[in-house]
Structure formats: structure tokens, C-alpha cells
Amino acid sequence: MAGVLDGKVGLIVGVANKRSIAWAIVQAAAAEGATLVLTYQDRFAEHLQDLAATLTPAPVLLPLDVQDDAQIAAVYAQIAAAHGGLDFLVHGAAFAPREELTNPFTNTTREGFRIALDVSAYSLIALARGARPLMEARGGGSIVALTFLGADRVFPNYNVMGVAKAALESSVRYLAAD
């Protein structure tokens with residue numbers, strides 16, 4: 001029986017470990033027949049390699065720092081060369097320095113704020129920009145971003161991530177309008 005994603009190529013960004021929502025998405029997409037490309041930060045490489053080895057066929061793993069436009073371009077160049085296009089992108093990248101989460105929000109540093117917004121929100125814009133021509137090459141595509149209720153409500157020790165998730169949600173709306 002064919003899966004609903006047979007013949008589809010997907011890029012999933014932000015798998016941190018076996019408990020991450022992005023990993024559950026990887027498992028579901030693989031079970032439905034998608035050809036997957038997963039990206040990782042160096043600190044998660046070993047974990048992702050172990051997880052990827054549990055899937056058949058194993059997904060392609062590529063290093064990616066979402067703060068580096070050259071690395072984003074390299075990932076898309078490899079996808080274009082191997083598959084000629086992209087059908088879906090899952091954005092699960094999120095990060096803020098630990099002290100920005102544990103200290104009171106009023107102690108948020110300018111640098112911590114910049115990092116949280118860059119990794120957790122701006123990266124979607126950069127990834128969508130690179131995905132667009134690859135999706136157009138395959139007749140269209142879909143982009144999904146993972147968020148949290150902390151974008152709408154205050155949660156203890158979420159702090160600047162709530163602001164970053166609110167920015168991510170707003171970015172989704174503006175990208176959809178484009």
C-alpha cells in the first residue's frame with residue numbers, strides 16, 4: 001500500500017533528540033513514504049545519526065547552522081542536485097541561551113534577544129526563501145513551523161522564547177501572504 005507521502009521530498013530542520021516534536025514528524029513522514037533530508041547542528045550530530053539509523057530508508061543528514069545563509073544555500077543546493085526540488089519543509093529550529101530563560105524577562109540581554117529571534121524566527125524566513133524555487137520546481141509545496149502557547153501567554157522560564165515564537169507566528173502569516 002502506498003503512503004500519502006510517496007514520491008515527496010521533505011526537509012526537516014530542528015530535530016534535537018528522540019523526544020522532540022520534529023522527530024515525531026520525521027517518523028510519521030518516513031512511515032508515509034517521504035524521502036527525507038534532516039539537518040543538524042554539530043552538537044546534535046551523534047544523536048541524529050543514531051535516530052536516523054532506525055529508519056528505512058535512512059534519511060540524508062546535512063549539517064546546518066540556521067544563522068548562516070551560506071549553509072542554508074548549501075543544503076538547498078544538495079537537495080536540488082539530488083532531487084530536483086522540494087515538496088515540504090518543517091521548521092522546528094528554536095534556541096535561546098539558557099540564562100535568557102532562567103533569569104527574569106527584564107534581564108533579557110540584547111544579544112540573547114537577537115540570538116533567540118534569529119534562530120527561532122528569522123530562520124524560517126531564510127529557509128522559506130531558499131525552499132521557494134525548489135517547491136516551484138515540483139509544482140508547489142508546504143511549509144510547517146512548530147510553535148508553542150508561550151507565544152500568546154506567559155509561561156514561567158519561557159521568557160524571550162515566547163517573544164520569539166510570537167515573531168515566528170507573525171512571520172508565518174507574512175510568508176503565507178507572499
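Author: Gladly. This is a predicted model. Start with two helices: H5 and H6 pack at an angle of about 20°, with their axes 9 Å apart.

Reader: Why is H5 called roughly parallel to H6?

Author: Angles under 35 degrees count as roughly parallel. The angle between H5 and H6 is about 20°. That makes H5 roughly parallel to H6. The crossing of H5 past H6 is right-handed.

Reader: Which residues in H5 and H6 meet?

Author: From H5 come Phe113, Ala116, Leu117, Ser120, Ala121, Leu124, Ile125 and Ala128. From H6 come Val160, Met161, Val163, Ala164, Ala167, Leu168, Ser171, Val172 and Leu175. By class, the contact of H5 with H6 has 15 nonpolar, two polar and no charged residues.

Reader: What makes Ala121 count as buried?

Author: Buried means under 20% relative accessible area. Ala121 has 4% relative accessibility, so Ala121 counts as buried. Ala121 is found in helix H5.

Reader: What does Ala121 touch, not counting residues up to four places away in sequence?

Author: Ala121 touches Ala116, Ala164, Ala167 and Leu168.

Reader: Why does Arg132 count as partly exposed?

Author: Buried means under 20%, exposed means over 50%, and partly exposed lies in between. Arg132 has 47% relative accessibility, so Arg132 counts as partly exposed. Arg132 is found in helix H5.

Reader: Now H6. How do you know that its span is close to the one expected?

Author: Helix H6 covers residues 160-177 and has 18 residues. At 1.5 Å a residue, 26 Å is expected. From its first C-alpha to its last, H6 reaches 26 Å.

Reader: Which residues of H6 are buried, and what covers them?

Author: The buried residues of H6 are Val160, Met161, Gly162, Ala164, Lys165, Leu168 and Ser171. Their cover includes strand E4 (88-91), helix H4 (98-102), H5 and strand E5 (142-145).

Reader: What makes H3 and H5 roughly parallel?

Author: Helix H3 (residues 69-83) and helix H5 (residues 110-137) pack at an angle of about 25°. The cut-off for roughly parallel is under 35 degrees. H3 and H5 are therefore roughly parallel to each other. Their axes are 10 Å apart, and their crossing is right-handed.

Reader: Which residues make the contact of H3 with H5?

Author: H3 gives Asp69, Ile72, Tyr76, Ile79 and Ala80. H5 gives Ala126, Leu127, Gly130, Ala131 and Leu134. By class, this contact has eight nonpolar, one polar and one charged residues.

Reader: Why is Asn159 called buried?

Author: The cut-off for buried is under 20%. Asn159 has a relative accessible area of 19%, so Asn159 is buried.

Reader: What makes Gly7 exposed?

Author: Exposed means over 50%. Gly7 has a relative accessible area of 54%, so Gly7 is exposed. Gly7 is found in the segment before strand E1 (9-13). Leaving aside neighbours within four places in sequence, Gly7 is in contact with Gly33, Asp87 and Arg138. The C-alpha atoms of Gly7 and Thr35, 28 residues apart along the chain, are separated by 7.0 Å.

Reader: Which form does the peptide bond from Thr56 to Pro57 take, cis or trans?

Author: That bond is cis, with omega near -5°. Pro57 lies in the loop between helix H2 (45-52) and strand E3 (60-63).

Technical notes
Residues are numbered from 1 along each chain as its sequence is written. This is a predicted model: local features need pLDDT of at least 70, side-chain atom pairs count only at pLDDT 80 or more; totals for chains, interfaces and linings use all residues. Side-chain values use heavy atoms; hydrogens and water are left out. Axes are lines fitted to C-alpha atoms, for helices over the stretch in contact, and angles run from 0 to 180 degrees between N-to-C directions. Helices (H or I, at least four residues) and strands (E, at least two) are DSSP runs, numbered from the N terminus. Angles under 35 degrees count as roughly parallel, over 145 as roughly antiparallel, 65 to 115 as roughly perpendicular and the rest as oblique. A crossing is left-handed if the near helix is turned anticlockwise from the far one by less than a right angle, and right-handed if clockwise. Contact means heavy atoms within 4.5 Å. Ala, Val, Leu, Ile, Met, Phe, Trp, Tyr, Cys and Pro count as nonpolar, Asp, Glu, Lys and Arg as charged, and the others, Gly among them, as polar. The expected span of a helix is 1.5 Å times one less than its number of residues. Buried means under 20% relative accessible area, exposed over 50%, partly exposed in between (1.4 Å probe, protein chains only).
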